Amino acid sequence: MDIKWQRNAVRMLRRIANTGAPTIPCAAFIPQKRIVERGEAVSPLCRCSPESLGVSSEYIEKFLDVLERDRDVNPHTLMIIRNSRVIFEGAFEGYSLDIPHITHSACKSITALAIGIMVDEGLISEDTKIVDILGDKMSSVAQIRLKDMELRHLLTMSSGVSFNDVGLATCEDWAEAFLDSRLKFAPGEAFMYNSMNSYMLSYIVKRVTDEGLSEFLDKRLFSYMGIKDYYWERCPRGIEKGGWGLYMLTEDLGKLGLLVLNKGMYGGKQLVSREWIEKMTTAHMSAPPSTGEYDYGLHTWRHRGAQGFIFNGMFGQNVFGFPQTDTVVVLTAGNNEFFQSTPCYKHVNAFFSKKYWSDGIVEDKWAYESLRKRGDTLKRKRDYLIANPTSKNMESEDVRAFFNGKRYEIKGGESASLMPLVIQAMSNNYTPGLREIGFEAVDGGLSISFKEGMRTHVLPLSQGSVEYTSLNFSGDEYKVSVMGRFTFNENDDPVLMIKCNFCETSSTRDIKLVFFKDSADVYLSETPGYGLFENGRSAIDGVMPGGKMVKLILEKADMESITKRTREVFEPHLVGTLKK
């Protein structure tokens, strides 16, 4: 089994790297992504001014200044909770607190809460043998190989199983692939981050309770906490992914952070035992320094300096908990990071891990109103949107006339797409390639269309303002926000800059079009994207299955050639010919 999925994984990487042809997946794509609309708020958290809890609004604004200035941090939404009350909330330009956001691996901690409830109910225990639960799904050889594996080994990322999420796009029965895979070391012997451990926990919830992870948590946790507007992706067999694939509102993530911060208590009720929460937030395995300043508990990270815990997901999805200051900080983002490698963690720790309030702070309605307004208009410095003196309004008649009706046939777009490659790879949903880009003047503004295969995706464009729409890629639906700017380059060539945020996800597609008489250069890039290759190599070494192998390959390879090919994959340069 290991040789098969590893061979298929290499085959998939080669297909992705071949920019001259559409990417064909090894396993069948199953559409499931849907847009979750926020309904009426249920049991919302209380709001108050920072000053009412001894915190100055200016202090929060200083924190926002740091986030907005840091080029390595690309924040989407932010919520700061102290003493169980929200003292700040905001969404950065193109994002919304009313749109559920992908959590990536941050949802692993939520899966651990479900396991904790099962332990509290006496259904399983930490030392339950996996073979005792799933023995009927194992071969006789697997039963012998996995005889010492316990539930705790899945929770602490120490199972030693080599099959990982890289192989998911190569098979349909994930549990079988996991159980048939070889061990890199004896269970409990070392730390090796593997999201398949989390999937197996979700699988065990279903096997033991006959309820899926969502149904199980709805009945015992979410309904009481007012958490209802969420969506959890499933595997081809219909089991929630457990370690990723959860879309949830920023406020609801804050509620779950409070649950853990308050030792399983929420709304005056003990929903999860204090004993389990303490085990979750205690470090059980040492993580390599390359992952950041945290060690691993039970599907939760613990700061080595005792500065609290985090639910952590790649690309900057985090729920920070600081028991010593009674603070929870929720931050979603689109950073070029796998673990905790950006300055974001130092910023949050610096501002909220130690006492940041004072008894001498009094209410300041002007400062609080300024902070509230800023929460509605958060922005990062985005050079691509800074207009030069020759910029024109996109709604102006001459600009609309310049674009209206033009169609460009794309050359070299066989593997290019409006959908970011990161989303394609994570959803196993590869598009047939970009064939044509067109423009229409509509409703006093502009729209741009991208023809991929038989489907055409249309984006509304307004000069400098945010427009929202939805896109459908082979049955998967995504809500996007679009910002555009028409300007000129140093050669006085017309330039159109577009930022398309897939605002439920961590990904953004950037598009730059430079127009000439009968053609246009098309530059695509994405965030997170090429920076992952630059920043992520050290993080995966020794942490994830195959990490050492990747390092060895890179050490022996022609790095200049690999770097060039990687940039071509994430940042393709296409040419469009004006159709007459």
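How many disulfides does the count come to in this predicted model? The count comes to 0 disulfides.

**View 1. Cys48 is in no disulfide.** The nearest cysteine sulfur belongs to Cys46 and is 8.3 Å away. A disulfide needs the two sulfur atoms within 2.5 Å. Cys48 counts as buried, at 12% relative accessibility.

**View 2. Cys500 and its closest cysteine sulfur, in Cys503, are too far apart for a bond.** The distance from the sulfur of Cys500 to that of Cys503 is 8.5 Å. Cys500 counts as buried, with a relative accessibility of 0%.

**View 3. His299 sits in the loop between strands S9 and S10.** S9 spans 294–296 and S10 spans 301–303. His299 is buried, with a relative accessible area of 1%. A polar atom of the His299 side chain lies 2.9 Å from the backbone oxygen of Leu155. Leu155 is also among the residues that His299 touches, not counting those up to four places away in sequence.

**View 4. Helix H2 meets helix H12.** H2 covers residues 57–69, and H12 covers residues 344–352. Their axes come within 11 Å and cross at roughly 170 degrees. That makes H2 roughly antiparallel to H12. H2 contributes Tyr59, Ile60, Lys62, Phe63 and Val66 to the contact. H12 contributes His347, Val348, Ala350, Phe351 and Phe352. By class, the contact has 8 nonpolar, 1 polar and 1 charged residues.

Terms used. Residues are numbered from 1 along each chain as its sequence is written. This is a predicted model: local features need pLDDT of at least 70, side-chain atom pairs count only at pLDDT 80 or more; totals for chains, interfaces and linings use all residues. Side-chain values use heavy atoms; hydrogens and water are left out. Helices (H or I, at least four residues) and strands (E, at least two) are DSSP runs, numbered from the N terminus. Buried means under 20% relative accessible area, exposed over 50%, partly exposed in between (1.4 Å probe, protein chains only). A polar contact is a pair of N or O atoms within 3.5 Å; within protein, one must be able to donate a hydrogen and the other to accept it, and residues adjacent in sequence count only if both atoms are side-chain atoms. Contact means heavy atoms within 4.5 Å. Axes are lines fitted to C-alpha atoms, for helices over the stretch in contact, and angles run from 0 to 180 degrees between N-to-C directions. Angles under 35 degrees count as roughly parallel, over 145 as roughly antiparallel, 65 to 115 as roughly perpendicular and the rest as oblique. Ala, Val, Leu, Ile, Met, Phe, Trp, Tyr, Cys and Pro count as nonpolar, Asp, Glu, Lys and Arg as charged, and the others, Gly among them, as polar.
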